[in-house]
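Subject: Structure handover

Hello,

The structure we spoke about is below. My notes on it follow.

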There are 2 protein chains.
Amino acid sequence: MATIDDVARLAGVSASTVSYAMSGKRPISAATRARIDRAVQELGFTPHAGARALATARTMVIGLFVQFLASEFPPAMLQYVLPIADAAREAGYDILMLTEEDGPAALRRVGSTGMVDGFILLNVVDRDPRLAELRRLHQPAALVGLPADTEGLSVVDLDFAAAARLVVDRLHADGHRSTVLITPSTEVIAMGGAYAWRFRDAFLGRAAEHGIRVRTHAGATIQPELGEQLGGILDDLGDATSLVVHNDAQIAALPSLLSARGIEVPRDLSVISLFSEEFGRLFSLPFTSIETGPDRLGRHAVASLLAQIDGADDAGGVSFVAPALVERGSVAPPSR
Amino acid sequence: MATIDDVARLAGVSASTVSYAMSGKRPISAATRARIDRAVQELGFTPHAGARALATARTMVIGLFVQFLASEFPPAMLQYVLPIADAAREAGYDILMLTEEDGPAALRRVGSTGMVDGFILLNVVDRDPRLAELRRLHQPAALVGLPADTEGLSVVDLDFAAAARLVVDRLHADGHRSTVLITPSTEVIAMGGAYAWRFRDAFLGRAAEHGIRVRTHAGATIQPELGEQLGGILDDLGDATSLVVHNDAQIAALPSLLSARGIEVPRDLSVISLFSEEFGRLFSLPFTSIETGPDRLGRHAVASLLAQIDGADDAGGVSFVAPALVERGSVAPPSR
DNA sequence: CTGAAAGCGCTTACAG
DNA sequence: CTGAAAGCGCTTACAG
């Protein structure tokens, strides 16, 4: 690999001039610039990332911490990762991906060795063990998912309470008086996935206001429990005329269970859920839903992180992204 | 952040002694070591990754190139990424994740700036545009997926020809005389996904040996085309008593289409496919299948890459991993 | 068993 | 408009 000294020698200038020519941080005469450009071309020179990081204290890399909660649905995570990688790249950053079990140790290792300029943490939970280490590190960071203590952290998440109200209001508008709500699994709730209870509690509150009866089930995430549970719910709807599914694995499995039972949506049952457009396409889900917008959340996190890295000192605080309801025709007035 | 000089000062030794104490590359007296350890603890010292990379010409990072072929099924990719990340980590390496559209440019940027010690390329296709750049870079690399020209490359992939023979032999053993084969999409074939035709051609060859009739369809990957096509195939099986699905999206959609039609497996139709145990669990697939073993392939790629990085000069060549058939009871003698 | 020094390849004040 | 030099924080021959 050619070094900046090789370029300097070939162009007949000093290394510093090469550096300035490439960064554009000071004026260079046209003739010199031409010679430098030619030398750079000829040698195929690109600055060594490590040397540059050492000199500038900037790596142009961000650490992306993916996290698979026990009993969460893996494909959902990918929807966040790709938009984040794209947004980072557009800003000139690469992505160091952290996937370890031991989150705090990984943060410490990568943070304290200066491998990255900042972190994005996905799927942050209520009392996330990574946060203590993150605070100690004093590095820029953006979180996706709401922890219990947001002091000094930059957090973005969907406004699940608003989402719940949208859903209840939608059912109420069509005259539903009774519904079944399937929440994320008990494991997710135990791990502290705040989105679970933020949605559920707001849902129950709004339903009470409208006088809508709600039966709640914490949804299983793996087979065969999932199929048995969801099948049982479908077989015993009671007076419920609608089903609200806040659980990726369950909504993905729903179409086949519905069709096995000959239940037609929305004629026999109204269904409403939460998922991204992409997720819905992947699993062919014909259901009206809250768009969870992982791309929007991911890009928001990147923007927030880069602002901090660029010293905007924008500790950010908590941003709740407003949800939107996407009609797909699976909600209609009840026939019973 | 504390530096090695801070530690040296606090411990009353030289920086080089600190370095040697930490690397264990030369004997250090117990007393000195104790003082150094204490100083390291006290200051929370960790060596700066950039400085170390500059001094050693080693980054302890590997570049992982994920690649989503048009009309491939995204969740399948994740199964490779996680085991690779785990295996890398176990060996002390972190993962720089590349996801860009422009593969060659990404390789050049990361490779020529010395950000990584080597690359793993996923989903390599027949005439992969990344390979020219990879050869120019002269960096260690391991590929998952078979390109047309493997000269000088280290490649690992499932032995799809052997897999096809296993499948045909399994059908033949139960007396099937006619089958339908759904292959990856035409887009995958056009992009050069060699696994598509390696499986198909071996399948047709073996079927001919056994005198088994085969009707072949290139499977659509997105809805609603997928459902219409697969539904049409199920509605018009002709004399086919078995269905072989080499297409992630189609096999994921199959259970719901079968149940909608009241087709019972294996009573009415034998089904056999290719997917990983994890993929099968995710989509609740009750089908006998070739285990595609993404974790094994991923770990193999990491091992091969690390051997090259450690100068084993093991250009590797092509390794085909032997497939295994996992019985799940979806193949039985035909009733017709 | 330990230290002083060179060197890895950049960037950026300091000088002119 | 350009150059010489210091410095970023390590590792590792070279010396003792």
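A note on terms to begin with: helices (H or I, at least four residues) and strands (E, at least two) are DSSP runs, numbered from the N terminus. This is a predicted model, in which local features need pLDDT of at least 70 and side-chain atom pairs count only at pLDDT 80 or more, while totals for chains, interfaces and linings use all residues. Residues are numbered from 1 along each chain as its sequence is written, chains are lettered from A and ligands numbered from 1 in the order in which they are written, and side-chain values use heavy atoms, with hydrogens and water left out.

Thr288(A)

Thr288(A) sits in strand β10 of chain A, residues 288-291. Its relative accessible area is 0%, so Thr288(A) is buried (buried means under 20% relative accessible area, exposed over 50%, partly exposed in between, with a 1.4 Å probe and protein chains only). A polar atom of the Thr288(A) side chain lies 2.8 Å from the backbone nitrogen of Arg328(A). Apart from neighbours within four places in sequence, the residues in contact with Thr288(A) include Val271(A), Ile272(A), Leu325(A), Arg328(A) and Val331(A) (contact means heavy atoms within 4.5 Å).

The two protein chains

Chain B superposes on chain A by a rotation of 180° with 0.0 Å of shift along the axis, at an RMSD of 0.2 Å. That is therefore the relation of a two-fold axis. Both copies use the same surface, since 100% of the contact residues of chain B recur in chain A. The superposition is by least squares on the C-alpha atoms of residues with pLDDT of at least 70 in both copies.

DNA strand D

Around DNA strand D there are 28 residues, and the closest are Thr17(A), Pro27(A), Thr32(A), Ile4(B) and Ser19(B). A residue counts as near a molecule or strand if one of its heavy atoms lies within 4 Å of it. Of the DNA strand D atoms within 4 Å of the protein, 55% are in sugar or phosphate and the rest in bases.

- An N or O atom in the side chain of Ser16(A) is 3.0 Å from a base nitrogen of DNA strand D.
- A phosphate oxygen of DNA strand D lies 3.0 Å from a polar side-chain atom of Lys25(B).
- A polar backbone atom of His48(B) is 3.4 Å from a phosphate oxygen of DNA strand D.

Two or more residues of this surface come from each of α2 (15-23) and α4 (49-56) of chain A and α2 (15-23) and α4 (49-56) of chain B. The largest share, five residues, is from α4(B).

DNA strand C

DNA strand C also has 28 residues around it, of which Ile4(A), Ser19(A), Thr17(B), Pro27(B) and Thr32(B) come nearest. Here α4(A) gives the most to the surface, with five residues. A phosphate oxygen of DNA strand C is 3.0 Å from an N or O atom in the side chain of Lys25(A), and a polar side-chain atom of Arg52(A) lies 3.0 Å from a phosphate oxygen of DNA strand C. Arg26(B) has a polar side-chain atom 2.7 Å from a base oxygen of DNA strand C.

Strand β1 of chain B

All five residues of β1(B), residues 61-65, are buried. Val61(B), Gly63(B) and Phe65(B) are on one side, with Ile62(B) and Leu64(B) on the other. β1(B) runs parallel to β2(B), residues 94-98, and five bridges join them; Val61(B) has Asp94(B) as its bridge partner. β1(B) also pairs in the parallel sense with β3(B), residues 118-121, over four bridges, and there Leu64(B) is partnered by Ile120(B). Strands are taken to pair if DSSP finds at least two bridges between them.

Backbone points

Most residues other than glycine have a negative phi, and most peptide bonds are trans. Val265(A) and Pro266(A) are joined by a cis peptide bond, with omega about 5°. Pro266(A) is in the loop between α12 (248-261) and β9 (270-274) of chain A. Ala57(A) has a positive phi, near 60°, and is exposed, with a relative accessible area of 63%.

Regards

Note on methods
A polar contact is a pair of N or O atoms within 3.5 Å; within protein, one must be able to donate a hydrogen and the other to accept it, and residues adjacent in sequence count only if both atoms are side-chain atoms.
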